Amino acid sequence: MKKKAEIKIGDAFRHGKAFIGFVTGGDPSIEKSEEFVLKMVQAGCDLIEIGIPFSDPIAEGPVIQEANLRALSAGATTDRLFGLAAGVREKTDVPLVFLTYLNPVFRYGYEAFCAKCEEAGVNGIILPDMPYEEKQEFLPYAEAHKVDIISLIAPTSERRIRMIASEAKGFVYVVSSMGVTGVRSEINTNLDKIIAAVKGVTDVPAAVGFGVSTPEQAAEIARTADGVIVGSAIVSLIAQYGEDAGEYIYDYVKKMKAALMKES
């Protein structure tokens, strides 16, 4: 096991194409979330995103919205999510990233939130509703506590891609499709063009998320991208199987990782 301070998000991309898995923390319980995360790690997950439940997750589709409500109803709080991250960190050196929204972080306090991330061993944060132009307010606290702010690049960002990517830390989150998160049967965005633009200005890895759910989609995306992010498909397994979802998550992640290994 590495020391917390030695773990970097870049570690996830050092052994081929990275599989990045997401769970909503506290769905169906904090204890089960820890179990599910560790199952994902055992199955080959290279980086874990943990969603901090929020009452108004505007970037999420119905699957993750409902997971947020389940987690909040079960008593999930920001402090309990820090406890979840700390518990996971004691058992694995896979990089950890929080996904949440600006309001919970602002209410917690930027300095206090970032300090708790460092203490718990959280390596980065994704804030879908934080505009690029406003990140300067948060950035000094994140940098002081070694928390990478993960930049999102959407299909409509063409003129902004170079600007956003040039300052990226950890990895660049390339949004595959317009709209909210959720499983999609097809992804028609010209991802090759977006990823080429990203790679033209930074060596930071680029991972694609929003709508990826099948091994075939993952393998296709991995021909160009450095990693694939999957959330709704995993959260759907938790919605379907509840506390018994662990083995189903393990099998799913294993299949997805195997598809990426073929492209590595």
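## Helices α1 and α3

Helix α1 (residues 30–42) packs against helix α3 (residues 78–89) at an angle of about 35 degrees, with their axes 10 Å apart; axes here are lines fitted to C-alpha atoms over the stretch in contact, and angles run from 0 to 180 degrees between N-to-C directions. Helices are DSSP runs of H or I with at least four residues, numbered from the N terminus. The contact, meaning heavy atoms within 4.5 Å, is made by I30, E31, S33, E34, V37 and L38 of α1 together with R80, L81, L84, G87 and V88 of α3.

This is a predicted model, in which local features need pLDDT of at least 70 and side-chain atom pairs count only at pLDDT 80 or more, while totals for chains, interfaces and linings use all residues. Residues are numbered from 1 along each chain as its sequence is written, and side-chain values use heavy atoms, with hydrogens and water left out.

## Helices α9 and α11

Helix α9 (residues 215–222) and α11 pack at an angle of about 30 degrees, with their axes 8 Å apart. Because angles under 35 degrees count as roughly parallel, α9 is roughly parallel to α11. On the α9 side P215, A218, A219 and A222 take part, and they meet K255, M256, A259 and L260 in α11.

## Residue K257

K257 lies in helix α11, which spans residues 246–261. With a relative accessibility of 9%, K257 counts as buried, a term for under 20% relative accessible area, computed with a 1.4 Å probe on protein chains only. Apart from neighbours within four places in sequence, K257 is in contact with K17, A18, F19, A43, G44 and D46.

Conventions
Helices (H or I, at least four residues) and strands (E, at least two) are DSSP runs, numbered from the N terminus. Buried means under 20% relative accessible area, exposed over 50%, partly exposed in between (1.4 Å probe, protein chains only). Angles under 35 degrees count as roughly parallel, over 145 as roughly antiparallel, 65 to 115 as roughly perpendicular and the rest as oblique.
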